[in-house]
Structures are given as structure tokens and as C-alpha cells.
Amino acid sequence: MRSQRGTSRNGGSRVSDVLAELLSRAEVLPDGVLTGRDIRSWPDAEVEQLVTTGILTDAGVADAIINDDCDHECAIENTGFVEHPKEPGRMICAHPCMNGCGLVLCDPEDFTQWSFSLLGLATLVAQTIEASGSVIEDVPGRVILVGTIAAPNGESEVFLACGLAREDAQVVLSNSARLNASSSPLLLTIGSAPAPGIWSPQSPPRSAVLAEHANLGHDGFEFDLLRAFPGGILIESKPI
């Protein structure tokens, strides 16, 4: 199951594609964990940049991975590695697939794991938009207070959220004490818009999808809050 990762192209477009793909995947990953198989098409340099910026963290080695090349998506257990009999120096884990794939060979990097860090991303966003205050987890792994920003007519709190299109989104929101208490929140969802109807009976905050406005290139992470909220950042009082 050896894969050859691509090389990055000049400019930030390829990295931004990887960032957008990661954020889209993270929206639906309950545990936020990716394996080497999940990111095999991503260039090494881009993966390293995601780790350096704190968006991905090392999650050790998987005990098992899913063989997505198999129609039955069989599980491949990490039973250890031996040297390939015909390729000196190459270590492999051999998996006999019972569903017709034959003998599947996995490389050590296939079992490498990374965790998506919503807290790491929120910290990066806070630094980029120069938000004041501390980055605080409202609902761990799902909703984070990024910080406070100044607006022409007051201050607004910026929040970053993940998985608001999942079945448990309403439960997550009901437990988001800081978001619910905020008088003028701006909500950034990482990869997709919140599911309709999850805010009832409360009025939804102004929201934008971070992946549509963020860029990770050779100059680092870039995000323009004003572009995400093109109508201008004005404080709107919640109805009482």
C-alpha cells in the first residue's frame, strides 16, 4: 500500500487546497484522527506545515486502519513489520484480504496518525485577527471562543466551531455557555455551514465558513475577517 505524495507547486494554492480538504474532513470526523492513508495525496511539505502551525498534531501509530481500496473496507491490523523479500530496506506489514484483494502490503507511514486540533486552529485564527483575551474552549473539540475584536460600535466575540452539521449539533449548542451568553457573536465554522434549524428558538449568530476565506501558503496562515463578513463588522444586539 505504498503511496507517493506529490510535490508542492509554487505559491499557496496547493497548500490552501490541502487546508480546505482537511477542514472539510474534520467537520465529519468524530474523533478528528487521520491516518497516512487519509492524507497520502498530500505533499510532505504541506503536512509538515499543518503540524508546525498546530492544526495537526502527532497522534502516534494506529493499531489498525481501513483498507479503502477494498470494496468491503476491511480492517488491516498493525501486526508489525518485516523486510520486503524483493525490496531490501523496505519494511512492510502484510495483510491477507479475505474479500478478494489478495495480499495487501502496507508501509509504516500508512499507520501514522495525526489529530486535527480545533484548539490549535483557533489559536492561529486569534493571532491572525489580533483578537484580545484568551482562547477558551466552550465545548471541547467543538466550540471555541477565539477572542474579542473591536468594531465601529463596540466589541464582538469571535467563535470557531466544528461539526455543526452533525446530528448532535443542537446538543453541542445547548452546552455552549459562552456562545449562548455572548451579546454579539461572530461564528466561524471550519469547513461547512451549520445545519438549518439548529438555532431554534434562538436567533442564529452571523456566521461564515473559515475554509472559504483562509489561506495557508508560504507566507503562513492568512485570514481576513472582513472578507468573511463582507457587510462589515457591526455589533447587532440580540433580541430580548
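A residue counts as exposed when its relative accessible area is over 50%. I wrote that down before opening the model, which is a predicted one.

Entry 1, Glu 130. I then looked up where Glu 130 lies: it is in the loop between helix H3 (118-129) and strand S9 (136-139). I also checked the backbone there. Phi of Glu 130 is near 55°, a positive value in a residue other than glycine. For background, most residues other than glycine have a negative phi.

I found six helices and 15 strands in the protein chain. The chain has 240 residues, and buried residues make up 45% of them. The protein chain exposes about 12,300 Å², and I noted that carbon and sulfur atoms supply 50% of that area. Next I looked up the contacts with a separation of 6 or more: residues 24 or more positions apart account for 61% of them.

Entry 3, a sheet. I traced an open sheet of three strands in the order S1-S8-S2, with antiparallel pairing. Strand S1 (33-35) and strand S2 (56-61) are the edge strands, each pairing on one side only. Neighbouring strands of this sheet are turned by 35° against each other on average, direction ignored.

How many bridges join S2 and strand S8 (residues 112-116)? I found four bridges, in the antiparallel sense. I looked up Asp 58 and found that its bridge partner in S8 is Trp 114.

Conventions:
Residues numbered from 1 in each chain as written. Predicted model: local features only at pLDDT ≥ 70, side-chain atom pairs only at ≥ 80, totals over all residues. Heavy atoms only, no water. Pairing = 2+ DSSP bridges. Helix = DSSP H or I, 4+ residues; strand = E, 2+ residues; numbered from the N terminus. Axes fitted to C-alpha atoms, helices over the stretch in contact; angles between N-to-C directions. Buried < 20%, exposed > 50% of the residue type's maximum accessible area, 1.4 Å probe, protein only. Contact = heavy atoms within 4.5 Å. Areas by Shrake-Rupley, 256 points an atom, 1.4 Å probe, with all protein chains shown as cover.
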